[in-house]
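Hi there,

Here is the structure I promised to pass on to you. Have a look at it first, and then read on for what turned up.

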Amino acid sequence: MKKVLLLCALFFIPFISFADGFDYFITADNGRLKNGDEDYRFISFNVPTLNFQEDEMAFTVKNPYRLPNEFEMRDIFSTVKEMGGQVIRIYTIPVKNNNFPKDAPTYVEAPGKFNEEAFKVTDMMLALANEYEIRIIFPLLNNRQWMGGRPNYAEFRGKTAEDFWVDKQLRDDFKKTIKYTLNRKNTITGEKYKDDKAILAWETGNELTSPIEWTVDITRYIKSLDKNHLVMDGWFSDDLDEPVVREESLTEWSIDIVSSHHYERDASLIPQNIQKNIDLVKGRKVYMVGEFGFASSSAIESALDKVIDEPSVAGALIWSLRHRRREGGFYWHSEPLGAGLFKAFRWPGFESGLAYDEQRLMTMYRNKAFEIQNAKPAEISIPAAPKLLPIENLHSINWQGSMGATGYNVERAKSDKGPWTLVGYNVSDADVPYFPLFHDETAQLNTPYFYRVAAINSAGKSTYSNVVGPVESRYYAKIDTMKNLGVVETSKALFPTTGNDRSFKEIRNRLFGDYGSEAIYKVPGKLAEFKLFAFEKTRFSYLSLEGSNDKKKWLDLNVKPSVYANSESNYGYWKPKIYAYKAGTPFKYIKVIFKGGEAHLARTEILYTDK
């Protein structure tokens, strides 16, 4: 085993040790993947945000794009390992996209111009892949603009996306990216990407509509640079009901792997469509199911059984898996093709994923991942200790979670030595997206406290986190996460709603109202601040706040919202706004009035002192 030690400022970790865990490159032989002399088969995951994050949806953040850090990448690698996965398919090399916010990072800044700090992320990704012994399928291009693809290469030159397939200049620009990537020397391991055994295959791209002539030119170019790795055709059959591989790809020497993506409107057709591809391929190439999903757990299980039962299918990769977030909780992602219901999966599954059967599906999927390897599922791991983050106030306690944890116990003491009191039991870090994980409702004002956290799951309890403190609060807090109307004193034409959550920064519980709707909140003590998090379609204010001490006479508080909209229009984002009133007059009641039209209330925070 080769060990490498590095001072890595990018990830704010002083010393990092990595191991090269692979003895062989993955090869192809008579339609089978081989790891040395052994057949190599897998059931694993697409992780589209492993090298580029598109889901930073904190309410006041205007740019959803950023680069993952080491904690986040380790969380996903350890998750895939725990689930019996052997492969991760990532989601292409991002290209500058003028539709993204100006401060969004990218990898390809212009033809032949590359972002070194971004590529250090893939350096880390490959170093971790070796350490965790997880292979990477590495698509090089996206067909669409998501994260940047062929439309963006074309835009560099003032040309169209369709020009990309036939224009020599655009093809040469893309080849510059291929050459740079394959020949890049990893700043952590010192190894060129084309020599790294962690890469299972280079894929020409994600769901490409490429003509065969383009594909052949690109696959042969990859082979001319890299004699070690397999090459996968990223061509995509856009017939959702009958996704088939391309005959021309089966006779081209420079293509080693073909795949199909399965999002049939009738998910029961997936097994028979896999069989159609088996019959077409006839062992001439390695065949795998590159993507599938947005179906019931039963339909997914049937598809997996088909893959397992057919040795000529190398493996299957479900769409998709997400990891934890450095600020606490998970990244959330509603799937555009998921009927407003499906979200990216999280291990080990949570109650918040009940609508798409996340807990049962994740358990079943793990069992199948071991089954295809003819192995008994490993014992579930006891979670590692979480990391408690700095605490600003007692209603916003966060921690970096632990792989495999189903919940967390939060303990409080008046000394860093204890004695410790349990103040939060089995607290989920997958409940309320992008807001604090825990509110200590039993703490007293102006009292110094210390906190620690332990992770729990069916295997046991972790060791404790670091201790944070002393922390004391000037205010109590009353929080409404909009799961129901239970916190509202009275309401008028206000309805709990969920669905299409991407438009609302992935906040899954909201209260919807229209012109004339109202919500009245009662302040439990002396009001210090009232803060309303809301979404409106336009920059014009549809909401207003009024205060009262008797619910009879109301005073308009003349609150103007702060707006946190970003410039992107891909997902039909509503405008996030915060209406904040810091009490000049400590009203006993605050009324939210819908004066302009439709709006969604996402959260209220009422800060107050004793009566």
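Let me start with a local detail in helix α2: E117 and K120 are three residues apart there, which means that about one helical turn separates them. The two side chains form a salt bridge, with 3.2 Å between the closest N and O atoms. E117 counts as partly exposed, at 35% relative accessibility, and K120 is likewise classed as partly exposed, at 26%. Please keep in mind throughout that this is a predicted model.

Helix α2, which covers residues 116-132, also takes part in a contact with another part of the chain. Its residue E116 forms a salt bridge with R184, and here the closest N and O atoms are 2.9 Å apart. R184 sits in the loop between α4 (168-183) and β11 (199-203), so this pair ties together parts that are 68 residues apart in sequence. The cut-off for buried is under 20%.

How many salt bridges does the structure hold? The total is 53. One that I would like to point out is the bridge between D55 and R322, whose closest N and O atoms lie 3.0 Å from each other. D55 belongs to the loop between β6 (42-46) and α1 (70-82), while R322 belongs to the loop between β15 (313-319) and α8 (358-371), so the bridge ties together parts that are 267 residues apart in sequence. Both ends are buried: D55 has a relative accessibility of 0%, and R322 has a relative accessible area of 3%.

This pair does not stand alone, either. D55 and R322 are linked in a network of salt bridges with E54, K343, D501, R502, E506 and R510.

Finally, a word on strands. There is an open sheet of three strands, in the order β3-β4-β5, with antiparallel pairing. Its edge strands are β3 (26-29) and β5 (38-39), each of which pairs on one side only. Between β3 and β4 (residues 32-35), the antiparallel pairing runs over four bridges.

Best wishes

Terms used
Residues numbered from 1 in each chain as written. Predicted model: local features only at pLDDT ≥ 70, side-chain atom pairs only at ≥ 80, totals over all residues. Heavy atoms only, no water. Salt bridge = Lys/Arg side-chain N within 4 Å of Asp/Glu carboxyl O. Helix = DSSP H or I, 4+ residues; strand = E, 2+ residues; numbered from the N terminus. Buried < 20%, exposed > 50% of the residue type's maximum accessible area, 1.4 Å probe, protein only. Pairing = 2+ DSSP bridges.
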